[in-house]
Amino acid sequence: MDTPRLLSVFRAARLVGVSRGNLQRRIRTEGITTFEGKISTDDLLALYPATELHHDSEYERVQHIKKHAFANRLRERLLPSADILADRVSELGQELAATRAHLAQYQTVLDQITTRLRDTGESPNKKEIHGLLHWVKDTLAAPPVPNDPHKNLFANDTVLRIMAAHIKIQPSNHEFWLEGNDSILDAGVRAGLALNYGCANGNCGLCKARIISGKVKKNQHHDYVLSEAEKNRDYVLMCSCTAVTDVVLEALEASSENDIPTQKIITKIKSIERATDSILILHVQTPRIQRLRFLAGQSVTLSLDNKTGTDFPIASCPCDDRNLFFHIPCDSEKPVVQALIHNSKKGDAITVTGPHGHFLFNEASKRAQLYLAYGTGFAPIKSLIEHAMALEIPAAMDLFWAVDKKENLYMNNLCRSWDDALDNFNYHPVIDTDAVEHLLEKYDNLETVDVYIAGPEIRTKCASEKLLAAGLPDKQLTVSTID
Ligand code: FES
């Protein structure tokens, strides 16, 4: 009997073309046994018997949404460099050589067993031995099973190992794929992780991490000098190396707002667009060598021409590389808002200072997540949802977006596309009625949920009081108040 091969759930999901959350849910609902986060290929193929190992509409749509969040520069670099390809092929070549040596050894042992069995002479078990010899001969001569799904799965796994490397961070156990010629840092940030770093350019040493297993390769020069002791202990700079093989490394990650220093960055306006008569979408980009570190849901202060700054929640995910988006209500008299409406244009400088705020996602929670956005309170909620999507959080998510009139659902199509793409996400637009009532109709037991509310104080305060009175535990409520 074949020994079942084990694959990590993360890898298995990619091989059968579904999201990790989808596979985790099927494992749970169908009572499949996993072994320390791994699933056997037999069980995987039983769950997805007709898999063609590369297409699934849900996975593709999720990937599409995620790719749209990333900068063009990253999107264009999906192929590993020739150097890395050569290294990966060489690694596979060595593995193939070792496998061949093992096969030759098994063949020798088999030949010797066969010879010894033939030489047993007048054994009382001669008939059984004869039968055994025939069975060995027939089994070895039998043609391989056509279209063996295991073979297809392993072939795809081999291609995947050439095209991408699987990275696991300890102690958090976060996992992500490194594709193209990305540095480990780029790939980790794009996957939504709050890895520790500073310059992203090989100067500060803040992205130092220790390789526990696997092989990495320097892919950009760095001025920062690792000490001999650090080199001997397998420390590398995540911003300056990429992965040749799958890698496990020990690295620092920010887990609270206190873990990220305040940064002041002069960014450039990429676009200012009217989403509606009363809302602007501002897109700014940080310099290539100075990205903003922040946690999903946090805010920054925007200032123009040394005018007093104003705080705005970031409406994008930290996985969005150098791109920062803001949803600006036009009815504000604040100088920054007036300048953005009347004087600013593409290419102008705008200073970003931050991050601040503790409207943060509770990643450790396994509870369902309810998001309640009032008007442009959608901005920080969008950041949290995109972050949860980047991390492939399997928990159920419901978004209730409350506005006074339909036109103010200024990203209605985006929310609908999330609803279409993710089977654990539901979108509920709420127009001119009480969003809390809608929420309570769906969830009558608030002890099983986490609630995130964002919007003007008058709305968030009222919604919080109603939800707490309806039994929501205080520690499961997170609120962001916006002006
Ligand atoms: S982030 Fe500064 S050296 Fe890597």
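Predicted model: local features only at pLDDT ≥ 70, side-chain atom pairs only at ≥ 80, totals over all residues.
Tutor: Residues are numbered from 1 along each chain as its sequence is written, and side-chain values use heavy atoms, with hydrogens and water left out.

Student: How many salt bridges does the structure hold?

Tutor: To count as one, a side-chain nitrogen of Lys or Arg has to sit within 4 Å of a carboxyl oxygen of Asp or Glu. Going by that rule, the number of salt bridges in the structure is 22.

Student: Which residue forms a salt bridge with Asp83, and in which strand is it?

Tutor: The closest N and O atoms of the pair are 3.8 Å apart, and the partner is Lys217. Helices (H or I, at least four residues) and strands (E, at least two) are DSSP runs, numbered from the N terminus. Asp83 belongs to helix 6 (residues 82–118), and 134 residues separate it from its partner, so we're looking at a link between distant parts of the chain. That partner, Lys217, sits in strand 6.

Student: Glu230 and Lys208 also pair up, so is Glu230 buried or partly exposed?

Tutor: Their side chains meet in a salt bridge at 2.8 Å, N to O. Glu230 is in helix 10 (residues 228–232) and Lys208 in strand 5 (residues 208–213), so the bridge ties together parts 22 residues apart in sequence. Buried means under 20% relative accessible area, exposed means over 50%, and partly exposed is in between (1.4 Å probe, protein chains only). Lys208 is partly exposed at 25%, whereas Glu230, at 19%, is buried.

Student: What separates Glu386 and Lys382 along their helix?

Tutor: These two side chains form a salt bridge too, at 3.3 Å, N to O, and both residues are buried. An α-helix has 3.6 residues a turn, so residues three or four places apart point the same way. Glu386 and Lys382 are 4 residues apart in helix 12 (residues 378–390), so their separation is about one helical turn.

Student: How many residues of helix 1 are buried?

Tutor: Helix 1 covers residues 9–16, and its buried residues include Phe10, Arg11 and Leu15. The helix is largely enclosed by the rest of the structure, because the buried count is 8 of the 8.
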